[in-house]
Amino acid sequence: MKTFQTLSELAACVGQEVAVSDWLTISQAQVNLFAEATGDHQWIHVDPEKARAGPFGAPIAHGFLTLSLLPKFFESSFEIMQSRMGVNYGLNKVRFTAPVPVGSRLRARMKLLSCEDIANNGVQMAWEVTVEREGEAKPVCIAESLVRRYV
């Protein structure tokens with residue numbers, strides 16, 4: 001995990017890959033809980049037997065489950081000591097570029113695209129987040145995430 005003392009120290013990294021998260025394994029239990037929370041019970045996610053005969057040969061995680069892991073990936077990658085809080089401000093672009101079979105291990109690479117001052121002693125950052133599946137060359141998700149951090 002990387003540690004930054006200040007938001008200014010992080011802002012100096014615009015244009016660079018700042019961090020890579022820890023690996024995270026996607027379980028069927030996680031997929032089922034996500035289905036319960038969202039009401040998306042499509043068989044490709046929650047019926048392992050039927051999914052084995054489907055187009056991916058196994059149940060796959062919801063794309064939005066993969067996307068919802070972004071805060072976890074950020075949390076496991078770096079910390080900013082002199083920042084009291086951060087908030088998700090939204091997304092500019094998201095693509096689910098490959099399936100995530102249950103049992104896959106995922107991690108994210110975070111590249112800081114921009115960092116601009118905002119009101120209340122904060123900054124708004126745009127991050128290119130590339131979610132990788134272990135053993136695969138093609139990423140499973142690419143998203144531009146907007147995050148606000150405050151001193």
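Q: Are phenylalanine 78 and tryptophan 127 buried or exposed, and what does the word mean here?
A: Phenylalanine 78 is buried, and tryptophan 127 is too. Buried means under 20% relative accessible area, exposed means over 50%, and partly exposed covers the range in between, with a 1.4 Å probe and protein chains only.

Q: What kind of model is this, and which residues count for local features?
A: The model is predicted: local features need pLDDT of at least 70 and side-chain atom pairs pLDDT 80 or more, whereas totals for chains, interfaces and linings use all residues. Residues are numbered from 1 along each chain as its sequence is written, and side-chain values use heavy atoms, with hydrogens and water left out.

Q: How many aromatic pairs does the structure hold, and what makes two rings a pair?
A: There are five aromatic pairs. Rings of Phe, Tyr and Trp (its six-membered ring) pair if their centres lie within 6.5 Å; planes under 30 degrees apart count as stacked, over 60 as edge-to-face, and the rest as tilted.

Q: Which class does the pair of phenylalanine 74 and tryptophan 127 belong to?
A: The centres are 5.4 Å apart, within the limit for a pair, and the 75° between the planes is over 60, so the pair is edge-to-face.

Q: What does the pair of phenylalanine 74 and tryptophan 127 tie together?
A: Phenylalanine 74 belongs to helix H6 (residues 70–75) and tryptophan 127 to strand E7 (residues 122–133), so the pair ties together parts that are 53 residues apart in sequence. Helices (H or I, at least four residues) and strands (E, at least two) are DSSP runs, numbered from the N terminus.

Q: Which class does the pair of phenylalanine 78 and tryptophan 127 belong to?
A: With 5.3 Å centre to centre and 25° between the planes, which is under 30, the pair counts as stacked. The pair links distant parts of the chain, with phenylalanine 78 in strand E4 (residues 78–80) and tryptophan 127 in strand E7, 49 residues apart.

Q: Which residues do ring pairs link into a cluster?
A: The cluster consists of Phe4, Phe74, Phe78 and Trp127.

Q: How do you know that arginine 148 lies over the face of tyrosine 89?
A: A charge sits over a ring if NZ of Lys or CZ of Arg is within 6 Å of the ring centre and within 35 degrees of the ring normal. Arginine 148 lies over the face of tyrosine 89, at 3.7 Å from the ring centre, so the distance is within the limit.

Q: How many disulfides does the rule give?
A: A disulfide is a pair of cysteine sulfur atoms within 2.5 Å, and by this rule the count is zero. For cysteine 13, the nearest cysteine sulfur is that of cysteine 115, 9.6 Å away, and cysteine 13 is in no disulfide. Cysteine 115 is in no disulfide either, with the sulfur of cysteine 13 as its nearest, 9.6 Å away. Cysteine 13 has a relative accessible area of 14%, which is under 20%, and is therefore buried.

Q: Why do the buried residues of helix H2 count as lining one face?
A: In H2 (residues 28–38), Gln28, Val31, Phe34 and Ala35 are buried. Seen down the axis of H2, they fall within an arc of 120°, so they line one face of the helix. The arc is that of the directions from the helix axis to the C-beta atoms. On the face turned away from the buried side are the exposed residues Leu33, Glu36 and Ala37.

Q: What covers the buried residues of H2?
A: The cover includes helix H3 (43–46), H4 and H5.

Q: Is histidine 62 buried or exposed?
A: A relative accessible area of 1% is under 20%, so histidine 62 is buried. Histidine 62 lies in the loop between helix H4 (48–52) and helix H5 (63–68). Leaving aside neighbours within four places in sequence, histidine 62 is in contact (heavy atoms within 4.5 Å) with Val31, Phe34, Ala35, Asp40 and His45.

Q: Are asparagine 120 and asparagine 121 buried or exposed?
A: Asparagine 120 has 60% relative accessibility, which is over 50%, so it counts as exposed. Asparagine 121 is also exposed, with a relative accessible area of 60%. Asparagine 120 has its place in the loop between strand E6 (105–118) and E7, and asparagine 121 is in the loop between E6 and E7. Phi is near 65° for asparagine 120, a positive value in a residue other than glycine, and about 60° for asparagine 121, which is not a glycine.
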